[in-house]
Amino acid sequence: MKYALISDIHANLPALKAVYADIRRRSDVSAVYHLGDMVGYAPWPNEVTALIASSGIAGVAGNYDSTVATDYKHCGCRYEDPRQEELSHLSYAWTRAHVSADTKAFLGGLPFRIDLLPYGGHVAGPRVVLVHGTPTLNTVYWTEDRPDDFCLKMAGLAGMRPGDTIAFGHTHKPWHREVGGMHFVNAGSVGRPKDGDWRAGYVLVEVGEGGVEVDFLRVEYDLEEAERAIRASELPGDFADHLRTGGQPASTSSSR
Ligand SMILES: [Fe+2]
(Lines give C-alpha, C1' and ligand atoms only; values in the text may rest on other atoms or scores of the structure.)
Protein backbone atom coordinates (compact mmCIF):
# COMPACT_ATOMS: atom_id res chain seq x y z
CA MET A 1 0.00 0.00 0.00
CA LYS A 2 1.24 3.42 -0.92
CA TYR A 3 -0.36 6.31 0.98
CA ALA A 4 -0.26 9.98 0.00
CA LEU A 5 -0.31 12.10 3.15
CA ILE A 6 -1.12 15.80 2.95
CA SER A 7 -0.89 18.10 5.96
CA ASP A 8 -1.29 21.74 6.95
CA ILE A 9 -3.14 22.97 3.87
CA HIS A 10 -4.09 26.13 5.79
CA ALA A 11 -6.82 27.40 3.46
CA ASN A 12 -4.45 27.59 0.49
CA LEU A 13 -6.75 26.33 -2.27
CA PRO A 14 -4.32 26.66 -5.23
CA ALA A 15 -1.71 24.65 -3.31
CA LEU A 16 -4.23 21.92 -2.45
CA LYS A 17 -5.46 21.68 -6.05
CA ALA A 18 -1.91 21.33 -7.36
CA VAL A 19 -1.01 18.64 -4.82
CA TYR A 20 -4.22 16.71 -5.39
CA ALA A 21 -3.68 16.80 -9.17
CA ASP A 22 -0.12 15.53 -8.66
CA ILE A 23 -1.38 12.67 -6.48
CA ARG A 24 -4.11 11.70 -8.95
CA ARG A 25 -1.53 11.43 -11.72
CA ARG A 26 0.21 8.69 -9.72
CA SER A 27 -1.62 5.44 -10.45
CA ASP A 28 0.30 3.59 -7.73
CA VAL A 29 -1.13 5.66 -4.84
CA SER A 30 -3.64 3.50 -2.96
CA ALA A 31 -5.22 6.13 -0.70
CA VAL A 32 -4.96 9.78 0.34
CA TYR A 33 -5.25 11.05 3.92
CA HIS A 34 -4.86 14.51 5.42
CA LEU A 35 -3.15 15.24 8.73
CA GLY A 36 -5.12 18.33 9.71
CA ASP A 37 -4.93 22.12 9.78
CA MET A 38 -7.16 22.76 6.80
CA VAL A 39 -7.86 26.39 7.76
CA GLY A 40 -6.04 29.53 8.92
CA TYR A 41 -3.70 32.10 7.29
CA ALA A 42 -5.29 32.15 3.82
CA PRO A 43 -8.74 33.09 2.49
CA TRP A 44 -10.21 29.76 1.35
CA PRO A 45 -11.14 27.85 4.57
CA ASN A 46 -14.58 26.84 3.28
CA GLU A 47 -13.39 25.93 -0.22
CA VAL A 48 -10.50 23.80 1.07
CA THR A 49 -12.74 21.99 3.53
CA ALA A 50 -15.38 21.40 0.85
CA LEU A 51 -12.81 20.01 -1.59
CA ILE A 52 -11.40 17.65 1.04
CA ALA A 53 -14.92 16.50 1.93
CA SER A 54 -16.13 16.08 -1.66
CA SER A 55 -12.95 14.22 -2.60
CA GLY A 56 -13.56 11.73 0.19
CA ILE A 57 -10.18 12.40 1.80
CA ALA A 58 -10.33 11.24 5.41
CA GLY A 59 -8.02 12.73 8.01
CA VAL A 60 -7.43 13.99 11.51
CA ALA A 61 -8.10 17.27 13.32
CA GLY A 62 -5.27 19.76 13.45
CA ASN A 63 -5.01 22.29 16.26
CA TYR A 64 -6.50 24.95 13.96
CA ASP A 65 -9.40 22.69 13.03
CA SER A 66 -10.25 21.73 16.60
CA THR A 67 -9.85 25.23 18.08
CA VAL A 68 -12.01 26.84 15.37
CA ALA A 69 -14.62 24.09 15.78
CA THR A 70 -14.83 24.49 19.56
CA ASP A 71 -14.53 28.30 19.78
CA TYR A 72 -11.35 27.91 21.83
CA LYS A 73 -9.63 31.11 22.96
CA HIS A 74 -6.68 30.80 20.57
CA CYS A 75 -5.48 28.54 17.78
CA GLY A 76 -2.85 26.70 19.83
CA CYS A 77 -0.10 28.04 17.57
CA ARG A 78 3.38 28.92 18.79
CA TYR A 79 4.74 32.42 18.33
CA GLU A 80 8.17 33.76 19.15
CA ASP A 81 7.75 37.53 19.26
CA PRO A 82 4.99 40.13 19.69
CA ARG A 83 4.49 40.58 15.92
CA GLN A 84 4.02 36.85 15.41
CA GLU A 85 1.57 36.82 18.30
CA GLU A 86 -0.40 39.67 16.73
CA LEU A 87 -0.44 37.93 13.34
CA SER A 88 -1.54 34.68 14.96
CA HIS A 89 -4.51 36.40 16.59
CA LEU A 90 -5.45 38.21 13.35
CA SER A 91 -5.48 34.95 11.40
CA TYR A 92 -7.51 33.15 14.03
CA ALA A 93 -10.09 35.94 14.33
CA TRP A 94 -10.45 36.21 10.52
CA THR A 95 -10.82 32.46 10.14
CA ARG A 96 -13.42 32.17 12.91
CA ALA A 97 -15.39 35.01 11.33
CA HIS A 98 -15.35 33.44 7.87
CA VAL A 99 -15.91 29.70 8.37
CA SER A 100 -19.41 28.57 7.49
CA ALA A 101 -21.56 26.48 9.82
CA ASP A 102 -20.95 23.50 7.52
CA THR A 103 -17.18 23.97 7.66
CA LYS A 104 -17.22 24.30 11.43
CA ALA A 105 -19.30 21.14 11.79
CA PHE A 106 -16.98 19.24 9.46
CA LEU A 107 -13.88 20.37 11.38
CA GLY A 108 -15.52 19.44 14.68
CA GLY A 109 -16.25 15.94 13.43
CA LEU A 110 -12.67 15.09 12.48
CA PRO A 111 -11.09 12.27 14.51
CA PHE A 112 -7.98 12.92 16.62
CA ARG A 113 -6.17 9.90 15.24
CA ILE A 114 -6.51 7.35 12.46
CA ASP A 115 -4.86 3.91 12.40
CA LEU A 116 -4.17 2.21 9.08
CA LEU A 117 -3.47 -1.48 8.82
CA PRO A 118 -2.22 -2.04 5.25
CA TYR A 119 -2.43 -5.82 5.57
CA GLY A 120 -5.84 -5.75 7.22
CA GLY A 121 -7.16 -5.74 10.75
CA HIS A 122 -7.05 -9.52 10.91
CA VAL A 123 -3.25 -9.41 11.28
CA ALA A 124 -1.18 -7.65 13.94
CA GLY A 125 0.61 -5.16 11.73
CA PRO A 126 2.44 -3.24 10.52
CA ARG A 127 0.45 -0.20 11.55
CA VAL A 128 0.48 3.38 10.27
CA VAL A 129 -0.72 5.92 12.83
CA LEU A 130 -1.91 9.34 11.65
CA VAL A 131 -2.04 12.33 14.03
CA HIS A 132 -1.54 16.09 13.61
CA GLY A 133 1.01 16.94 16.31
CA THR A 134 1.70 13.99 18.63
CA PRO A 135 -0.37 11.08 19.97
CA THR A 136 -1.13 13.18 23.08
CA LEU A 137 -2.04 16.67 21.80
CA ASN A 138 -2.40 18.27 18.37
CA THR A 139 -0.64 21.41 19.65
CA VAL A 140 2.75 19.86 20.49
CA TYR A 141 5.50 20.52 17.92
CA TRP A 142 7.37 17.35 16.95
CA THR A 143 10.40 18.99 15.38
CA GLU A 144 13.33 17.17 13.82
CA ASP A 145 15.63 18.12 16.70
CA ARG A 146 13.56 16.16 19.22
CA PRO A 147 15.80 13.42 20.65
CA ASP A 148 15.28 9.72 19.94
CA ASP A 149 13.95 9.34 23.50
CA PHE A 150 11.07 11.68 22.68
CA CYS A 151 10.22 9.59 19.59
CA LEU A 152 10.31 6.37 21.62
CA LYS A 153 8.14 7.91 24.35
CA MET A 154 5.54 9.00 21.79
CA ALA A 155 5.70 5.61 20.09
CA GLY A 156 5.00 3.96 23.44
CA LEU A 157 2.03 6.25 24.08
CA ALA A 158 0.72 5.44 20.59
CA GLY A 159 1.06 1.69 21.21
CA MET A 160 3.52 1.28 18.35
CA ARG A 161 5.81 -1.69 17.73
CA PRO A 162 8.85 -2.20 15.50
CA GLY A 163 7.81 -2.02 11.84
CA ASP A 164 5.10 0.56 12.57
CA THR A 165 5.01 4.13 11.29
CA ILE A 166 3.60 7.32 12.75
CA ALA A 167 2.95 10.30 10.46
CA PHE A 168 2.17 13.84 11.60
CA GLY A 169 2.55 17.48 10.58
CA HIS A 170 2.08 20.73 12.53
CA THR A 171 5.68 22.03 12.26
CA HIS A 172 5.44 22.65 8.49
CA LYS A 173 8.92 21.20 8.02
CA PRO A 174 9.22 17.68 6.54
CA TRP A 175 11.51 15.05 8.03
CA HIS A 176 11.82 11.29 8.46
CA ARG A 177 13.75 9.23 10.98
CA GLU A 178 13.88 5.57 11.99
CA VAL A 179 14.22 4.86 15.70
CA GLY A 180 13.89 1.44 17.29
CA GLY A 181 12.69 -0.06 14.01
CA MET A 182 9.82 2.44 13.87
CA HIS A 183 9.36 5.21 11.32
CA PHE A 184 8.65 8.80 12.28
CA VAL A 185 7.44 10.93 9.38
CA ASN A 186 6.64 14.63 9.40
CA ALA A 187 4.64 15.30 6.23
CA GLY A 188 5.58 19.00 6.01
CA SER A 189 2.96 21.43 4.71
CA VAL A 190 0.86 21.75 1.56
CA GLY A 191 -0.17 25.36 1.98
CA ARG A 192 2.30 27.08 4.31
CA PRO A 193 5.78 25.50 4.27
CA LYS A 194 8.36 26.87 6.71
CA ASP A 195 11.48 25.21 5.35
CA GLY A 196 12.37 27.95 2.88
CA ASP A 197 10.86 26.18 -0.14
CA TRP A 198 7.66 27.89 -1.34
CA ARG A 199 6.38 24.83 -3.20
CA ALA A 200 3.54 22.74 -1.75
CA GLY A 201 4.83 19.67 0.06
CA TYR A 202 3.46 16.22 0.76
CA VAL A 203 4.75 12.71 1.38
CA LEU A 204 4.28 9.21 0.01
CA VAL A 205 4.56 6.39 2.55
CA GLU A 206 4.74 2.90 1.12
CA VAL A 207 4.38 -0.15 3.34
CA GLY A 208 5.42 -3.38 1.66
CA GLU A 209 7.41 -6.57 1.92
CA GLY A 210 10.65 -4.61 1.93
CA GLY A 211 9.57 -2.41 4.83
CA VAL A 212 8.60 1.24 4.83
CA GLU A 213 9.62 3.72 2.12
CA VAL A 214 9.18 7.45 2.53
CA ASP A 215 9.30 9.88 -0.38
CA PHE A 216 8.93 13.65 0.07
CA LEU A 217 7.58 15.58 -2.90
CA ARG A 218 7.23 19.26 -3.78
CA VAL A 219 4.76 20.69 -6.27
CA GLU A 220 4.66 24.13 -7.87
CA TYR A 221 1.32 25.91 -7.64
CA ASP A 222 -0.16 29.29 -8.54
CA LEU A 223 1.60 31.28 -5.83
CA GLU A 224 0.51 34.61 -7.34
CA GLU A 225 -3.14 33.62 -7.06
CA ALA A 226 -2.70 32.87 -3.36
CA GLU A 227 -0.78 36.09 -2.75
CA ARG A 228 -3.37 38.19 -4.59
CA ALA A 229 -6.24 36.62 -2.66
CA ILE A 230 -4.54 37.20 0.69
CA ARG A 231 -3.83 40.84 -0.15
CA ALA A 232 -7.41 41.33 -1.40
CA SER A 233 -8.77 39.97 1.89
CA GLU A 234 -8.49 41.53 5.33
CA LEU A 235 -5.76 39.06 6.24
CA PRO A 236 -2.33 40.60 6.88
CA GLY A 237 -0.08 40.84 3.80
CA ASP A 238 2.62 39.18 5.91
CA PHE A 239 0.93 35.86 5.10
CA ALA A 240 1.53 36.41 1.37
CA ASP A 241 5.20 37.19 2.08
CA HIS A 242 5.40 34.00 4.13
CA LEU A 243 4.17 31.91 1.19
CA ARG A 244 6.70 33.43 -1.23
CA THR A 245 9.67 32.90 1.11
CA GLY A 246 8.64 29.49 2.39
CA GLY A 247 8.49 31.00 5.85
CA GLN A 248 12.10 32.10 5.89
CA PRO A 249 12.46 35.73 4.80
CA ALA A 250 16.10 36.72 4.27
CA SER A 251 15.83 39.75 6.53
CA THR A 252 14.69 37.96 9.69
CA SER A 253 15.81 34.80 11.41
CA SER A 254 12.43 33.11 11.45
CA SER A 255 8.75 33.52 10.69
CA ARG A 256 6.48 30.95 12.15
FE1 LIG B 1 -0.34 24.07 10.86
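Val205 finds its bridge partner in β10, at Val214. The model is a predicted one, in which local features need pLDDT of at least 70 and side-chain atom pairs count only at pLDDT 80 or more, while totals for chains, interfaces and linings use all residues. Residues are numbered from 1 along each chain as its sequence is written, and side-chain values use heavy atoms, with hydrogens and water left out.

Strand β9 (residues 200-208) and β10 run antiparallel and are joined by 9 bridges. Helices (H or I, at least four residues) and strands (E, at least two) are DSSP runs, numbered from the N terminus, and two strands pair if DSSP finds at least two bridges between them. The open sheet contains 5 strands in the order β3-β2-β1-β9-β10, with mixed pairing. At its edges lie β3 (58-59) and β10 (211-219), each of which pairs on one side only.

Turning to the metal site, the iron ion is coordinated at 2.0 to 2.3 Å by Asp8 (OD), His10 (NE2), Asp37 (OD) and His172 (NE2). Donors are N, O and S atoms within 2.8 Å of the metal (3.2 Å for Na, K and Ca); water is not among the atoms, so sites may look incomplete. Along the chain, the donors follow the spacing D-x1-H-x26-D-x134-H. Distant parts of the chain are linked here: Asp8 belongs to the loop between β1 (2-6) and α1, and His172 to the loop between β6 (165-168) and β7 (175-179), 164 residues apart. Asp8 and His172 are both buried, where buried means under 20% relative accessible area, exposed over 50%, and partly exposed in between (1.4 Å probe, protein chains only).

Leaving aside neighbours within four places in sequence, the contacts of Ile6 (heavy atoms within 4.5 Å) include Leu16, Val19, Ile23, Val190 and Tyr202.

Helix α3 (residues 63-70) is largely enclosed by the rest of the structure, because 6 of its 8 residues are buried. These buried residues pack against α4 (82-98) and α5 (101-108).

Finally, the mean pLDDT (the predictor's confidence in each residue, from 0 to 100) is 96 for the protein, and 97% of the residues reach 70 or more.
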